[in-house]
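Subject: Structure handover

Hello,

Please find the structure below, followed by notes on what turned up in it.

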Amino acid sequence: IWTGMGAVALIRLLSRYLQGPKAWLAGSLVTLAVPLQMAGQNWDDHDRSGRTLCRDMGANFRNSLQREGHPVLFVMGDNDTFPVWYGGEVEGIRPDVRACNLMYLSGGVYAAQMRLPVREAPPLPFTLPEQFCQDGILDFVRVNPSILVPGADGQPREVSLKTQIEAIYRQNPEKKPFGEDPFEWKNIVRYWLTSDDPAMRCIPTDEIHIPVDRETVARSGIPVPPGTTVPDTMVIRLKDRSHLIRTGLLLIDLIAGSQWERPLYMTITSGLNEYIDLSEHLIQEGLAYRIVPYEVKPTDLGMDLDRTYDCVMNRFEYGGLDNPDIYLDETNRNMGALLQNLQIVLAMELYRDGQTERARKVLEKSQETIRCRELNNDDRHAQAQIAHLYRLIEQQENGKKEKEQNKRKETKI
């Protein structure tokens, strides 16, 4: 707009000194220099040739998932959702994977779409009836609300619904009005969320129980670290939450409905805490977190080393980051840094696990696939970490060599 307005003003000025079309011709030639100058100065800053990082990140998210079981991948923001959608819809990458956007899941229409199959991916295994997922129903559900009950002095007192239910089960253990376990998800759905009385539609507890079949878990491919016991019940804690929106409800419903046969993942760029807190039930595989039935303690590894190693070394593509001169905008720098950070974390965990040869190969892969100056100059901390890891690996290998030499000397003696 401003260039056009300036061009008109320039032509008017030139028309004082040049007659007829000469003023228009001279003005046009001068004005043409503006876009030429802009292109000359900015072309290299916006040249996307050779950069396929957006496409490759969508493929990498999909290829992080287990091959069997028709996995579900929860996505959230634009930078993971649209590349993941493109990979499946346009290029047919892992058509067995069902992508589900958590922000859209709060809408009744989108939730209904998730009940339909797409290509090789079956519908999502909801247990909550479809009529209760429509807009205007269960949009907002109270968690463990307070109720008034008669006190010992005859005056009403306020207690949580969970406390009252526990009291009923203690006083009348044979009746079980809300099922064997009143806080098991199927009973919450049956007696509360689908009640004919809208006032009853709530979650009557701050801890939801989901049964776990250990044999199914063993068959499903869920990684179980050595020394970890798979519990009979997964507990989802809702403490400090006054309510859940539909997305949180359907996430819990999908965990229960999958019965640990359908793998459930989320991209590592997504955040579930806005809906429910599953931070203690996530294991990283490549660029995705897998929802698992057992608790992952802060001191645990929290990463499947074998699967992540396979992703980084064999499955992932790096979108032209091996070109030192490729241009990266802010979003692509973030995506490139995400890949680089994954390589560094994997190499460190492999080193700590005593797999120094594998750790070295990951570092070599990083040096081979991520050579973009713009990314490496932007994050010198990453380069320092890589150099530090190389030193640690070299020291450990030298230590092993010294031990072997000493053993040989002792054998000769």
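A search of the whole structure finds one cavity of 30 Å³ or more. On a 1 Å grid over the protein atoms alone, a cavity is a set of points where a 1.4 Å probe fits but cannot get out, while a pocket is an open set with protein on both sides within 12 Å along at least five of seven lines; a lining residue has an atom within 4 Å of a point. Grid points are joined across faces, edges and corners, and a volume is the space filled by probe spheres set on the points.

This is a predicted model, in which local features need pLDDT of at least 70 and side-chain atom pairs count only at pLDDT 80 or more, whereas totals for chains, interfaces and linings use all residues. Residues are numbered from 1 along each chain as its sequence is written, and side-chain values use heavy atoms, with hydrogens and water left out.

Cavity and pocket

The largest cavity holds about 40 Å³ of space. Its lining consists of Ser220, Ile222, Trp260, Arg262, Pro263, Leu264, Arg290 and Ile291. By class, that lining has five nonpolar, one polar and two charged residues; Ala, Val, Leu, Ile, Met, Phe, Trp, Tyr, Cys and Pro count as nonpolar, Asp, Glu, Lys and Arg as charged, and the others, Gly among them, as polar.

The largest pocket holds about 360 Å³. It is lined by 21 residues, and Val224, Pro225, Pro226, Leu301 and Met303 lie nearest its centre. The lining of this pocket divides into nine nonpolar, six polar and six charged residues.

Helix packing

Helices (H or I, at least four residues) are DSSP runs, numbered from the N terminus. Axes are lines fitted to C-alpha atoms, for helices over the stretch in contact, and angles run from 0 to 180 degrees between N-to-C directions. Contact means heavy atoms within 4.5 Å.

Helix α11 (residues 330-352) packs against helix α12 (residues 356-369) at an angle of about 165 degrees, with the axes 7 Å apart. The pair is therefore roughly antiparallel, a term for angles over 145 degrees; under 35 counts as roughly parallel, 65 to 115 as roughly perpendicular and the rest as oblique. The residues of this contact divide into seven nonpolar, five polar and two charged.

Helix α10 (residues 305-315) also packs with α11, at about 135 degrees and with axes 11 Å apart, so the two are oblique to each other. On the α10 side, Leu305, Thr308, Tyr309 and Val312 meet Leu342, Gln343, Leu346, Glu349 and Leu350 of α11. This contact has six nonpolar, two polar and one charged residues.

For helix α7 (residues 185-193) and helix α9 (residues 246-258), the axes come within 10 Å and cross at roughly 130 degrees, which means that α7 is oblique to α9. Trp185, Val189 and Leu193 of α7 make the contact with Leu249, Ile252, Asp253 and Ala256 of α9.

Regards
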